[in-house]
Amino acid sequence: MLNNRNRGRLSRFGRRFMQRRESCPCASGDCLSLTDLPSGEKAIITCNKHLLIIERGLYQGMTLTMHRNDSDEPNVIVAVGDARYVLDRRIAREIRVKIV
Amino acid sequence: MRAKPIIALVGNPNVGKTTLFNALTGARQTVGNWPGVTVEHKSGMCRFHDRQIEVIDLPGVYSLSSGSPDEQVARSYILNEKPDLIINIVDASNLERNLYLTVQLMELGAPLLMVLSMNDIAEANGLSIDIEHLASHLGFTALPLVMNKQMDLSVLTAAIEHSLTHPTNPQCIYYDEIVEKHLDNILRTTVEAGMYPLASRTESPTKVALAEEAYSALLQNRWMAVKLIEGDKEYSSKLNAEQKETVDKEILAISKHRGQEPGAVIADDRYGFIRGLVKDVVKRHRVGQWTFSDAVDKVVLSGFIGLPIFFGVMYLVFLVAVKASEPLISLISSSLTWLFVDKLGALLTLLSLPKWLNYLLSDALGGGVATIGAFIPPIFFIYVSLSILEDSGYMARAAFIADKFMRKIGLPGKAFIPLLVGFGCTVPAIMATRTLESPRDRVFASILTPFISCGAKLPVYTFLGILFFPKHADLVIFGLYMFGIVMGMLTGLMLKKTLFKSEPGNFVMELPPYHMPTLNAIMLHTWHRLKDFVLRAGKTILLVIMIINVLQVVSLPVGKDHQRVPLLKLGGKALTPLLAPMGIESSNWQASVALISGLFAKEAIVGTMQSLYQKGEAAENDKSNTPVYARNIKTSFGSSASAIAFLVFVLLYSPCAAALTMLFKEHGLKWMLFDFAYLTALAWMVSTLIYQTLAFNSGSIYWILSCVGFFALIFVNLRNIGRKHVEQS
């Protein structure tokens, strides 16, 4: 059986072989999708590919606080710095964060 | 510098650009506490020390990447018009995010001046900014400004004068070494391609001016290379195939080096610069970021009471509009009637003017003025309520609450804001759809805006509501507003399943902090809208009343006995059979004419009815204090069922000429015709269904089945069109 380190190496080789870009600089299990971040939790953004959202201040390394995340609602509310954003769940799902 | 310099106001949405524009130019543009108040650029003049300066208010943008149409307006103005000075208005309470646009403007090499607004909120949030230090890092002047009614503009005007005469070049932003290397290569390729003509702004170039200009041109060239890395379509299209290949190679190298999309690399590095800058110049006195707005949002956006609060607020708006205006309507109406109809009529009789001229001036025009006067109270109160909602910051929260329903009808929650603006007027509501990123959402939202009863429909509801349902007028009016919303939702559901099958665009919106609305701002906001309404409606109503009076006088011989019948009566009678299924009898031709006049402006319906129902059977029989036209209307409609059907028709049928023109301007002839035809057909079907259900008789089944069949036909046709569209795309 492969350990985590070698599994990572193999997947990086596969990615390079298939000429795909690296998805996220975050080991599996360390990060979670922004939609999975419970209300009130603080997290650091580890991966965000939406330029529009990055330009709003949700860039890699920025700390955010989840203000509201009800699974039956189509949006989440996050606090980023001094701004409060309503984010579509479809976008939030693609943003990876790490709880701090 | 131009002989008449141009200053552009640029900043993120909702930072106070329009407030500053109004202060500088003395204009009275609408301001509000929600992103998207300004959707097109506005220009005004101001004078500093005998020098005329043109000030341009641009829509709020987060960056210079062209997204929605309002962002494109701002970007193309900055890039193409090249203003002599850009005043970058920055929200001090949210400096980091606001500096992203500043950094892009710096990269552009534009002459800049920074104004920090919302300093009071920043202080309340425990932030203090070393502005001099910030300015030294940026390379241009930065100054704080308290944007209230006692705004001190002397420091700002001095800074503008200085910046115009001594333009400074901002600092250059550097990326990481590898990115810089590739950026340099792209720059070289594009310079060889001759993409950057050097435009001279100086009339008499000196050595210093030339050097500054060369530096500015270099910055602009660099900025264009950065935009190529970001994948800007406008600049990419200027490259030929060979150059494009070279540039693409460089961009791929950047992407490989950082393991990110090239656009994200640039954005990340810009934020890297901003973070360092903010750490250096901003001191946080409070570690916690929990603000007053967060505490209010905890309640207002709560899953349990958020929705009841939302409906409560909406009901309160209409309750205030109806209840508070009720006593004022009769007071204003009777005063204006006394002055412009009775007294003016008496004066003209004394002057021995011809009878027709006396009638035209006192009864027709004077009556028209009294009608417009009666509209003012309900519209004033609804505008006040909307202004409070907008200025307080609740508008964006309402969009969040409404998002759940909006998704169900195939629109993002942000589309709720144009719909809410529609309570004031449909024209700005259609314009406000420009804030939506997806073209599909913009067309879809524009089609639904007429379902929201605009301020002009309120006088019709109030007039007929009080006449037919004096004890429950407020409930009837609120019911009509709600019915419009329900019909809009049903139409949305249908269009989602037929014409607009694709998914709605993503919903990303900033929640602005709550502000306490000031009386001055509310009154200014209300006055601005009310003045527009009175002028626009006044002109249309008076014109419609004049035309109607002329058409009432001009007659044609009809029938075997060649009895002369007024042209208006003939036209009305020709149309009335179409309205018979919704309870408009053939003798009630005045109602048909009123509906036609409503196509010019909805407010004209009341004026037309008051004018046309002056003569009739009830006039001689009833001796009560009720006005003659009111008694005639009651007699002509016969029952409350036909009055309700008529009100529903007014609510749903084609929007006014101004709104149709705006639809044509924004989305083209096809969508304008669709909206006109669909809404008029829907209004007829729904009004017929309501009347035939309320006044059920043996023939009702036939009409109900006809309506259902007609609707099914529309649905099937729209579904086929939608299917063809999907296949084609």
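**Exercises on chains A and B**

Lys82(B) has 17 C-beta neighbours inside 10 Å, so Lys82(B) counts as partly exposed. The cut-offs are these: with C-beta atoms placed from the backbone, a residue is buried if 20 or more other C-beta atoms lie within 10 Å of its own, exposed if 12 or fewer, and partly exposed in between. The model is predicted: local features need pLDDT of at least 70, side-chain atom pairs count only at pLDDT 80 or more, and totals for chains, interfaces and linings use all residues. Residues are numbered from 1 along each chain as its sequence is written, while chains are lettered from A and ligands numbered from 1 in the order in which they are written.

**Exercise 1.** Is Met118(B) buried or exposed?

*Solution.* Step one: the loop between strand 5 (112–117) and helix 4 (119–124) of chain B holds Met118(B). Step two: 27 other C-beta atoms lie within 10 Å, so Met118(B) is buried. Step three: Met118(B), also not a glycine, has a positive phi of about 55 degrees.

**Exercise 2.** Which residue of strand 9 of chain B stands opposite Val86(A)?

*Solution.* Step one: strand 5 (residues 83–88) of chain A pairs with strand 9 of chain B in the antiparallel sense, over three bridges; pairing requires that DSSP finds at least two bridges. Step two: Met509(B) stands opposite Val86(A).

How values were computed. Helix = DSSP H or I, 4+ residues; strand = E, 2+ residues; numbered from the N terminus.
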